[in-house]
Structures are given as C-alpha cells and as structure tokens.
Amino acid sequence: MRRFVLGFVVGMLALPVAAFITAWQGYLPALANTDPPGWERAFSQMALNAYVVRHAPHLSNPMQPTDENLLAGLNVFRDACAGCHGDPNSRNDYGASFYPHVPQFTFNPPRLPDWQTFWIVKNLGEVFGDVCLGRTVASRQGSVG
Ligand code: HEC
C-alpha cells in the first residue's frame, strides 16, 4: 500500500515538475514573431470550436446570398476586417504581426458554418483583444441587406 501511495504521489507530481523545469531552464517557446507550434494551434482551435459549438445558438441566416448583400458584406469586410485579415490582392503584414497570425481569409477562408462564424465575430472580438469589432458588425447588420 505504501508503494502504491508513493507511486501515485510521484505520478501526480511528475508532469507539473517536468513542466516547471522546462520553463525554468528556458525551453518553453516565448517568441511572438513566429508561428505557434502545431500542437498549440491544434489544441486552441479544438478548444475554440468546441466552445462555439456549445455556446452559439443555431440561428438560420436571415441574409440571402444576393449580389447586393454579398457586395454590402464585401464592403464591411474591406472597411472593418481586411486591415488584419487581408484582401484578395495581398496578405496583410499587420495581421502577420499578431500571435498567432491573423488568418488571411482570402487564402484560408473560415470553414465554420455561418451561424458559428457570426457568433465568433459578434462575441469573441473581445477574446481576440477587441480586435474583430463584433459590435461594429452587429450594429451594422441593419445596413447590410
Ligand atoms: C485588428 C485585427 C483584426 C481585425 C480588424 C479583425 N480581426 Fe478577426 N481575428 C483577429 C485575430 C487576432 C483573430 C484570432 C486568430 C487566432 O486565434 O488564430 C481573429 C479571428 C477571427 C475569426 C475566427 C477564425 C477562426 O476560424 O479561428 C473570425 C471568423 C474573424 N476573425 C472574423 C473577423 C471579421 C468578420 C472582421 C471584421 C468585421 C474581423 N475579424 C476583424 C484579428 C482581427
């Protein structure tokens, strides 16, 4: 029994102690001018997707993809988003200065369903440092279509 308890305690402490030593010795990545490691990107994307699936109401999109609506949406994107997310002509240097880099939607468009993307833009702007201007987009909805 004593060996079991000892093994349990050592097992419980091994991971935090290893993480501490790794950080203490300067092996944890700290640079912000690089891409996050693949495991960090995969983990945070998984967590974000799971959070959105759990919290976003399954709204049906009131906007029809008419030429007029698509053009109005493109204008909103150009004015409020392209400064970070890029435009069809170029990747955005400013967006590339973020950690992680701001996704360039022209080259790598969001793959989530529109009700999830809408919820992210409306609610997670503040999580992304109040950068996605969720309130601006929400308040403009009346004028888009
Ligand atoms: C100041 C820079 C900035 C602006 C302006 C901006 N965003 Fe973002 N956006 C970000 C950052 C940073 C992230 C988070 C990137 C990450 O975590 O991988 C993000 C993430 C997103 C995501 C989630 C992408 C995903 O799949 O993870 C969506 C959707 C999004 N933005 C939409 C918009 C829209 C729509 C606008 C314009 C209304 C906008 N953003 C304006 C910086 C910006």
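In the predicted model, helix 6 (residues 114–123) contains three buried residues, Phe-118, Trp-119 and Ile-120, where a residue is termed buried if 20 or more other C-beta atoms, placed from the backbone, lie within 10 Å of its own, exposed if 12 or fewer do, and partly exposed in between. The cover over the buried residues of helix 6 includes helix 2 (38–55). Helices (H or I, at least four residues) and strands (E, at least two) are DSSP runs, numbered from the N terminus. The model is a prediction, in which local features require pLDDT of at least 70 and side-chain atom pairs count only at pLDDT 80 or more, whereas totals for chains, interfaces and linings use all residues. Residues are numbered from 1 along each chain as its sequence is written.

From its first C-alpha to its last, helix 2 reaches 26 Å, close to the 26 Å expected at 1.5 Å a residue, the expected span being 1.5 Å times one less than the number of residues.

The loop between helix 5 (93–96) and helix 6 holds Pro-100, and the peptide bond leading from Tyr-99 to Pro-100 is cis, with omega near -5°. Pro-110 is also placed in the loop between helix 5 and helix 6; this residue counts as partly exposed because it has 13 C-beta neighbours inside 10 Å. When residues up to four places away in sequence are not counted, Pro-110 touches Phe-105 and Thr-117, a contact being defined by C-beta atoms, placed from the backbone, that lie within 7 Å.

Helix 1 (residues 2–24) has 23 residues that should span 33 Å at 1.5 Å a residue, and its end C-alpha atoms are 32 Å apart, which agrees. Gly-26, which follows helix 1, has a positive phi, near 80°.

Taken over its whole length, the protein chain has seven helices and zero strands, and of its 145 residues, 8% count as buried. Among contacts with a separation of 6 or more, 40% are accounted for by residues 24 or more positions apart.

The mean pLDDT (the predictor's confidence in each residue, from 0 to 100) of the protein chain is 83, and 86% of the residues reach 70 or more. Among the elements, helix 1 has the highest mean pLDDT (93) and helix 7 (residues 134–140) the lowest (49). Over residues 138–145 pLDDT stays under 50, and the model has nine contacts beyond four places in sequence for these residues.

Notes:
Two residues are in contact if their C-beta atoms, placed from the backbone, lie within 7 Å.
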